[in-house]
Amino acid sequence: MFGVNLEKSNNCVVEDNQISSKNLSLGLRGDGIRLWYSHSNLIIKNHTFQVRDNVFWYSSGNTVEKNIGRNSRYSLHFMYADRNKVLDNDFQDNSVGIFLMFSQGSTLKNNLLANATGPFGIGIGMKEASDILVEDNNILYNARGFYIDASPYVPGTVNTFKDNRIEFNSVAFHLHGTLYGSIFEDNVIKGNIDDVVNDTPESKIALNRWNRNYWDNYQGFDRDKDGIGDIPFEQRMFADRLWQHKPPVKIFYASPVLELLNMLWKIMPFSEPELVAKDNEPRVLLPGGQTP
């Protein structure tokens, strides 16, 4: 049922274990590492593979560092778990890399989240999670790089996404039910089919702040050669984004019909296209001055 199970156990070290389950469907496997009301523990250099989940529920102040997770459902699932540090982990080929629910004050830094390619595949997901720092992570080849649901949730808090590489995902940032603004700055957003998606028309996405990100589909110039584009980057929802509100329409994605609708909407818009993201200082060069 559980590889390692900590219940009401604090200041423990779980280190250098190989943990797997049986070759069954995801829902029938056992969990790899489970923390329940357990705080200030160090989970380091473990390899979990072919398990169901690694779960940290009602557990705060833990450090999860240098672990490997493969072929599972949730490599890390936090619920009501605050002030945890997730550092230098390698999570690939899972349904979900890291998901935070009803949690506050955690840091996710220098992790690799890749190949979450199922119909609900997510690199990093959040639901009603607040005051989260997501910095210097590599988010690659996922169905959704980020899924952000009503996060932040606590008034007066901000989630910060900084210096991440979000590349070759179907959707880089999938926004749902935005209540308060987040900060997205100095990220590299490259090779994704869609950079920013909003599936909730009533969301307060205008509260988000996008600063100095590199967008590979930016169409402006940099005449003064300062590395910042001369005009803002704007991600708008035209006709080819109808599937974001009506998922069955996605079967026509990139079809001539939607391409024609998209062209007509840009030339003769019947209504103002939805602005989902605006970066006033888009980078033309990558952070550090490197060419793309």
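Q: What does buried mean for a residue here, as against exposed or partly exposed?
A: Buried means under 20% relative accessible area, exposed means over 50%, and partly exposed is the range in between; the model to which these terms are applied is a predicted one.

Q: Why does Phe233 count as buried?
A: The relative accessibility of Phe233 is 4%, and since the limit for a buried residue is under 20%, Phe233 is called buried.

Q: Why is Trp215 called buried?
A: Trp215 has a relative accessible area of 2%, which is to be set against the cut-off of under 20%, and therefore Trp215 is buried.

Q: What makes Trp215 and Phe233 a stacked aromatic pair?
A: By the rule for ring pairs, the count comes to 18 aromatic pairs. In the pair of Trp215 and Phe233, the rings are 4.1 Å apart centre to centre, with 15° between the planes; because rings pair when their centres lie within 6.5 Å and count as stacked when the planes are under 30 degrees apart, this pair is stacked.

Q: Which parts does the pair of Trp215 and Phe233 tie together?
A: Trp215 lies in strand β27 (residues 214-215) and Phe233 in strand β28 (residues 233-237), so the pair ties together parts that are 18 residues apart in sequence. Both residues also belong to a cluster linked by ring pairs, together with Phe146, Phe161, Phe173, Phe184 and Trp210.

Q: Why is one side of β3 and of β27 left without a neighbour in the sheet?
A: The open sheet holds 9 strands with parallel pairing, in the order β3-β6-β9-β12-β15-β18-β21-β24-β27. Because β3 (18-20) and β27 stand at the edges, each with a single partner strand, one side of each has no neighbour in the sheet.

Q: Why does Tyr153 count as partly exposed?
A: Tyr153, in the loop between β19 (144-149) and β20 (160-162), has 41% relative accessibility; because partly exposed lies between the buried limit of 20% and the exposed limit of 50%, Tyr153 counts as partly exposed. With Leu179 and Tyr180, Tyr153 forms a nonpolar patch on the surface, with about 250 Å² of accessible area together.

Q: What makes Arg34 a charge over the ring of Phe2?
A: Arg34 lies over the face of Phe2 at 4.8 Å from the ring centre, where the distance limit is within 6 Å.

Methods
Residues numbered from 1 in each chain as written. Predicted model: local features only at pLDDT ≥ 70, side-chain atom pairs only at ≥ 80, totals over all residues. Heavy atoms only, no water. Patch = residues over 30% accessible without salt bridge, like charges linked within 9 Å, V, L, I, M, F, W, Y side chains within 5 Å. Areas by Shrake-Rupley, 256 points an atom, 1.4 Å probe, with all protein chains shown as cover. Salt bridge = Lys/Arg side-chain N within 4 Å of Asp/Glu carboxyl O. Helix = DSSP H or I, 4+ residues; strand = E, 2+ residues; numbered from the N terminus. Buried < 20%, exposed > 50% of the residue type's maximum accessible area, 1.4 Å probe, protein only. Phe/Tyr/Trp six-rings, centres within 6.5 Å; stacked < 30°, edge-to-face > 60°. Lys NZ or Arg CZ within 6 Å of the ring centre and 35° of its normal. Pairing = 2+ DSSP bridges.
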